[in-house]
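Good morning, and thank you for coming.

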Amino acid sequence: MTVTGRQVSRSRIEEIGAREEESYRQRTPRSAELFERARQSLPLGVASSFQAYDPYPLFMTDARGSRIWDADGNEYIDFDMAFGVLAAGHSHPILAEALQQRVANGTCYTFPVEDGIALAEEIKDRFGADFVRFSNSGTEATMDAIRVARGYTGREKVIKFEGGYHGHHDDVLVSIQPPHDAMGPVESPNTVPASAGIPRSRIAETVIAPFNEPEMLAGILEAHRGEIAAIIVEPVQFNIGVVPPREGYLQRLRELADEHGIVLIFDEVKTGVVLAWGGAYEHFGVKPDLFCLAKSIGGGIPIGAFGGRREVMAVIETLEGSQHFAGMGGAVGSGIEHSTIPGGATRVAHLGTFNGNPLSMAAGLVTLKQILTKDAYPRLHAMADRLTAGSQAVLDEFGLPGYAINVGPKGCVMFTPDRVTNYRDFIGLDADLWAASFFFLANRGILLPPGPDDQWTLSVQHDDSDIDRYVEVFREFAAELTA
Ligand SMILES: Cc1ncc(COP(=O)(O)O)c(C=O)c1O
């Protein structure tokens, strides 16, 4: 579908972009100062390269509810919400209170705690799972889930979709946003490392497919018959703006995975407990074999989790009963030699000093049981629809080239006239227009994630007046741009 939009003059975009960046510098001298100091100790001046952007990131000091304050005391309505971590909002009073008590009673034991059982039970309920394990980040969750899938199937290759982000381990840090001239043909894209330092041997293990193209995927699976352990997919591609799956697409993934004996992994790091109480699983009604969680389940405390089907997760206890074991003669329980497993391992290792620590378990439990409860979602969806409708009305009124979109409480304006269905369409996005809007909005107290590939996330602590203020400022931007 093509959305009609007036051509906005390039020079006008550049003029507003430059003016707003200058105004950003004027308003945030303390952040500039801290950035200069940070660069002496931290490469790019930040702890994660995602936090870096030009001219320098805002340094923050304080946040509560839907608000965040920078080091110069400027207040923002936060629509970034820590890259989508904070569906609970900043320092939710119930969570803050519970964590204070937790901190006073020890935050790390490396012995299990009852809260960990209760949190696993809650996640099992929401995602229809049999088993759950905890980690400390989304990266760890996808890394662990992939190892479990490999252990279960006895296969080594993984399918990942172009434009998808699943964390920063080697298997998946490929073809995130590959350069145009490196990506190869759409029906069999190249595996393009997104970082130096990834060994060729790792790159060879990840096969890339285009998102939303089931028949192309079927061809790729055929070409790799018997080799693929897992298909990992973010049910909505939330790392290239907002790219929903086409009608029936996730169901087709389910069928193809079954046909080929592949473990289907939903990366629900952004979608889980945000799109719905039961994440993308509930929202789209398709059940993966494994799912990965992080971000919002901890209400702002570092946490990760993965879980799913009993037979697959059971490889953490024993490989007996796994596809791998059955493939070696089906002699389940016979004690046959695990001759194809290097070192003769009899199960999949899942480890971590901080896994299931009392602080993150308490945070997860309070967030899921008391804040992101079933009745929170209708309001989150209504606010998101209001923001999308308001933004779309502005785009229509001023004929800007773009469209507003959300899936549940996450959305954005995609500054491209054509609907994006996968990474190749996303390349057409107008990055200058996005940047001009980012600084224009930030300078007027509306904070978005600092990149056109991310999106706003609403929390239970936002309200309609926050939404309306966003739309009002976005309208001012559109009016100036087309004046
Ligand atoms: C879909 C998805 N998976 C995994 C990750 C990695 O999570 P973390 O940054 O907690 O390692 C992210 C992070 O943005 C993500 O968006």
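Predicted model: local features only at pLDDT ≥ 70, side-chain atom pairs only at ≥ 80, totals over all residues.

Four strands form an open sheet of mixed pairing, in the order β1-β2-β3-β13. Strands β1 (60-64) and β13 (446-447) each have a single partner strand, so each stands at an edge with one side left without a neighbour in the sheet. Strands β1 and β2, the latter comprising residues 67-70, run antiparallel and are joined by four bridges. Within this pair, R64 stands opposite R67 in β2.

Let us turn to another sheet. Here three strands are arranged in the order β11-β12-β14, again as an open sheet, and the pairing is antiparallel. Which strands stand at the edges? They are β11 (403-407) and β14 (456-457); each has a single partner strand, so one side of each lacks a neighbour in the sheet.

I shall stay with β11 for a moment. Five bridges connect β11 with β12 (residues 410-414) in the antiparallel sense. Two of the residue positions can be followed on the screen: I405 has C412 of β12 as its bridge partner, and V407 stands opposite K410 in β12. The two strands form a hairpin with two residues between them, and in the turn G408 has a positive phi of about 60°.

Are the residues of β11 buried or exposed? Five of its five residues are buried, and the strand is mostly covered. In a regular strand, the side chains alternate between the two faces of the sheet. In β11, Y403, I405 and V407 are on one side, while A404 and N406 are on the other, and all are buried, which leaves both faces covered. Helix α14 (residues 377-398) lies across β11, β12 and β14, and runs at about 170° to β11.

Strand β5 (residues 157-161) and β6 run parallel and are joined by four bridges. In this pair, I159 stands opposite V207 in β6. Strand β6 (residues 206-209) is covered on both faces: T206 and I208 on one side, and V207 and A209 on the other, are all buried.

Finally, I come to the helices. Helix α16 (residues 431-443) and helix α17 (residues 464-482) have axes that come within 10 Å and cross at roughly 130°. That angle makes α16 oblique to α17. The crossing in which α16 passes α17 is right-handed. From α16, the contact is made by L433, A436, S437, F440 and L441; from α17, it is made by Y470, V473, F474, E476, F477, E480 and L481. By class, this contact of α16 with α17 has nine nonpolar residues, one polar residue and two charged residues.

Helix α17 also packs with helix α1 (residues 10-27), at an angle of about 130° and with the axes 9 Å apart. The helices α1 and α17 are therefore oblique to each other, and their crossing is right-handed. The contact is made by R12, I13, I16 and R19 of α1, together with F477, E480 and L481 of α17. By class, the contact of α1 with α17 has four nonpolar, no polar and three charged residues.

I would draw your attention to F477, E480 and L481 of α17: they take part in the contact with α16 and in the contact with α1. Thank you for your attention.

Terms used:
Residues numbered from 1 in each chain as written. Heavy atoms only, no water. Axes fitted to C-alpha atoms, helices over the stretch in contact; angles between N-to-C directions. Parallel < 35°, antiparallel > 145°, perpendicular 65-115°, else oblique. Left-handed = near helix turned anticlockwise from the far one by under 90°. Contact = heavy atoms within 4.5 Å. Nonpolar A, V, L, I, M, F, W, Y, C, P; charged D, E, K, R; others polar. Pairing = 2+ DSSP bridges. Buried < 20%, exposed > 50% of the residue type's maximum accessible area, 1.4 Å probe, protein only.
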